[in-house]
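Visitor: Could you walk me through the packing in this model, one topic at a time?
Guide: Gladly; here it is.

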Amino acid sequence: MSFTLAIVGRPNVGKSTLFNRLVGKKLALVDDQPGVTRDLREGEARLADLRFTVIDSAGLEEATDDSLQGRMRRLTERAVEMADVCLFMIDARQGVLPADEVFADILRRKNVNVILAANKGEGHAADATILEAYSLGLGEPIRLSAEHGEGMGDLLATLRPIH
Ligand code: GDP
Ligand code: MG
């Protein structure tokens with residue numbers, strides 16, 4: 001049995017970096033599939049022996065007239081509908097920002113498994129955010145560095161029971 005993981009979170013936290021790391025060369029753009037728009041990129045992920053579908057929510061990076069909060073809500077809801085589990089990413093170097101609280105609120109109201117991940121977690125600058133992240137009410141945060149490949153073992157251990 002396999003599953004679908006959606007990566008959500010505000011712009012610039014490192015969602016696409018993790019997506020690219022998980023998908024590697026096997027990136028499959030599926031813009032033409034029903035229900036998938038250019039706002040949501042889908043690929044076949046590989047993490048050690050796990051295989052699963054991963055969705056990168058990219059639509060927030062584009063400037064439109066629409067309010068950011070409205071788009072965050074719609075995009076997150078669409079990603080959640082497609083996913084068995086959401087990886088909600090925050091930026092460990094920036095700490096928990098008000099926009100993160102908005103995402104956390106949306107996710108807490110949904111009946112979805114959430115993995116909280118503090119990315120850019122390399123180095124000790126991230127330590128304070130790891131503690132702060134518990135206040136989001138989404139359980140224990142995983143410390144990741146998508147760019148440097150750190151925390152992938154913890155991500156694997158969290159995903160394995162879902163598989
Ligand atoms: P997205 O907007 O959430 O998709 O974020 P991106 O994946 O485009 O990354 C935004 C920026 O953060 C880029 O400059 C990345 O190189 C950088 N970045 C991503 N992951 C890490 C990380 O683990 N550590 C650090 N220091 N930078 C990262
Ligand atoms: Mg992106």
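Visitor: Phe 3 and Phe 52, buried or exposed?
Guide: Both Phe 3 and Phe 52 are buried, where buried means under 20% relative accessible area, exposed over 50% and partly exposed in between, with a 1.4 Å probe and protein chains only. This is a predicted model, in which local features need pLDDT of at least 70 and side-chain atom pairs count only at pLDDT 80 or more, while totals for chains, interfaces and linings use all residues. Residues are numbered from 1 along each chain as its sequence is written, chains are lettered from A and ligands numbered from 1 in the order in which they are written, and side-chain values use heavy atoms, with hydrogens and water left out.

Visitor: How many aromatic pairs are there in the whole structure?
Guide: A search of the whole structure gives two aromatic pairs; rings of Phe, Tyr and Trp (its six-membered ring) pair if their centres lie within 6.5 Å, and planes under 30 degrees apart count as stacked, over 60 as edge-to-face and the rest as tilted. Phe 3 and Phe 52 form a stacked pair, 4.8 Å centre to centre with 10° between the planes. That pair links distant parts of the chain, with Phe 3 in the segment before strand S1 (4-8) and Phe 52 in strand S3 (residues 50-57), 49 residues apart. Helices (H or I, at least four residues) and strands (E, at least two) are DSSP runs, numbered from the N terminus.

Visitor: And why is the pair of Phe 88 and Phe 103 tilted?
Guide: The ring centres of Phe 88 and Phe 103 are 5.9 Å apart and their planes stand at 35°, so the pair is tilted. Phe 88 belongs to strand S4 (residues 85-91) and Phe 103 to helix H3 (residues 98-109), 15 residues apart. Phe 88 counts as buried because its relative accessibility is 0%, and Phe 103 counts as buried because its value is 1%.

Visitor: Which residues have the most contacts inside the largest nonpolar core?
Guide: They are Phe 88, Ile 90, Leu 107, Leu 116 and Leu 136, in a core of 28 residues; a nonpolar core is a set of buried Ala, Val, Leu, Ile, Met, Phe, Trp, Tyr and Cys residues joined through side-chain atoms within 4.5 Å. The elements giving two or more residues to this core are S1, helix H2 (68-82), S4, H3 and strand S5 (113-119), and H3 gives the most, with five residues.

Visitor: Switching topic, where does Arg 10 lie?
Guide: Arg 10 lies in the loop between S1 and H1, and it counts as buried because its relative accessibility is 8%. The side chain of Arg 10 makes a polar contact with the side chain of Asp 100 (3.0 Å); a polar contact is a pair of N or O atoms within 3.5 Å, and within protein one must be able to donate a hydrogen and the other to accept it, while residues adjacent in sequence count only if both atoms are side-chain atoms.

Visitor: Which residues are closest to ligand 1?
Guide: The closest are Asn 12, Lys 15, Thr 17, Glu 122 and Glu 147, among 16 residues that surround ligand 1, with a residue counted when one of its heavy atoms lies within 4 Å. A polar backbone atom of Asn 12 is 2.7 Å from an oxygen atom of ligand 1, and a polar side-chain atom of Glu 122 lies 2.6 Å from a nitrogen atom of ligand 1.
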